[in-house]
Amino acid sequence: MLKGKDLLSIHDLTTEEVYEILDLAKELKAKQKAGIEHHILKGKTLGMIFQKSSTRTRVSFEVGMYQLGGTALFLSGSELQIGRGEPIKDTARVLSRYLDGVMIRTFAHADVEEFAKYADIPVINALTDLLHPCQVLTDLLTVQEHKGKNLKGLKLAYIGDGNNMTHSLMYGCAKVGMHFSVAAPPGYEPNAAVTKNAVEDAKLTGGSITVGHDIFAAAKDADILYTDVWASMGQESERQERKEIFKNYQINKELLQAADKRAIVLHCLPAHRGEEITEDVMEDNAQVIFDEAENRLHVQKAIMALTMCD
Ligand code: CP
Ligand code: NVA
């Protein structure tokens, strides 16, 4: 179903496609743990364009491609001719002649859309200012591992900035019938167009989307609590100002009291302890948070295998 397609946003996927990715990720994870070779993409090449920093995304895509029998090339945005003004549409057409797939981490979501429009190979969004779909598909797999296969009806509460993570979590929860509740400071709510799309998607699956400012209301009876940095990549100059604005938007022991007593805490990482999450909550939930980080590998392998296969 996903063969030859781009993966720019979870909103573009069907619910079946989301589960197809999660199921293959589980299968590939089991194979990798058992030492069973799975060279599904033997001889294939992935270009990895990075215009922002990364630890998890870079390493998991590169290692994942190797484990699938292919090769990945790290392409720094500043070293490509794109950094000297070569148009995105030309870069996309050139790279399509060499590669079998490309992943892009950049600022403007429109740049990834433009690249995908001109590329005739699958394009995977590895984070834009608007969306981070690979992370959220990973989060859904991690929730399944800790809460059971059936995601429908679970409540995920997101505390903090209405950013790329919030948007993709909204889309991901809506596609699988989960209840998503966000508490963000006034003025930092998620994008209105994304919220509208997610509300529409949720109507089809029995999920729901709630946007508010009260962290205790958002966290009430939640099965999953989620947070992310107060200042994302590209917002470094706002860091001090945001520290003041977001100081009450933290996952801590007191907030956990409002959630279901079996609630898990997720964080896409990197984390700023003492800001969006306390040291004790982070360490108490380290098992699940680092499972989440590991699952980037398995989920992205599934995405590459499904989109880049012959
Ligand atoms: N969560 C995530 O995307 O991490 P990196 O920025 O390290 O890739
Ligand atoms: N919102 C964060 C996510 C990092 C994975 C950022 O964009 O920097």
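**View 1. Ligand 1 has a shell that draws at least three residues from each of domain 1 (10-132 + 296-308) and domain 2 (135-293).** Keep in mind as you look around that this is a predicted model. Surrounding ligand 1 you will find Ser 54, Thr 55, Arg 56 and Thr 57, along with Leu 127, Gln 135, Cys 268 and Leu 269. Sorted by class, this shell holds 4 polar, 3 nonpolar and 1 charged residues.

**View 2. Ligand 2 and its surroundings include Cys 268.**

**View 3. Domain 1 meets domain 2 through 20 residues of domain 1 and 22 residues of domain 2.** The C-alpha centres of the two domains are 24 Å apart. On the domain 1 side, helix H1 (15-34) and helix H12 (286-308) are the elements that each give two or more residues. H1 provides the largest share of that side, with 5 residues. By class, the domain 1 side is made up of 11 nonpolar, 5 polar and 4 charged residues.

**View 4. Residues 152-306 carry a UniProt annotation.** The unreviewed entry labels this stretch "domain: Aspartate/ornithine carbamoyltransferase Asp/Orn-binding". Follow the chain through residues 152-306 and you will see 45% helix and 15% strand. The end C-alpha atoms of this stretch lie 24 Å apart.

Technical notes: Residues numbered from 1 in each chain as written. Chains lettered and ligands numbered in written order. Predicted model: local features only at pLDDT ≥ 70, side-chain atom pairs only at ≥ 80, totals over all residues. Near = placed C-beta within 6 Å. Nonpolar A, V, L, I, M, F, W, Y, C, P; charged D, E, K, R; others polar. Domains from an automatic or database assignment. UniProt positions renumbered as here; feature names shortened; annotations may be inferred. Helix = DSSP H or I, 4+ residues; strand = E, 2+ residues; numbered from the N terminus. Contact = placed C-beta atoms within 7 Å.
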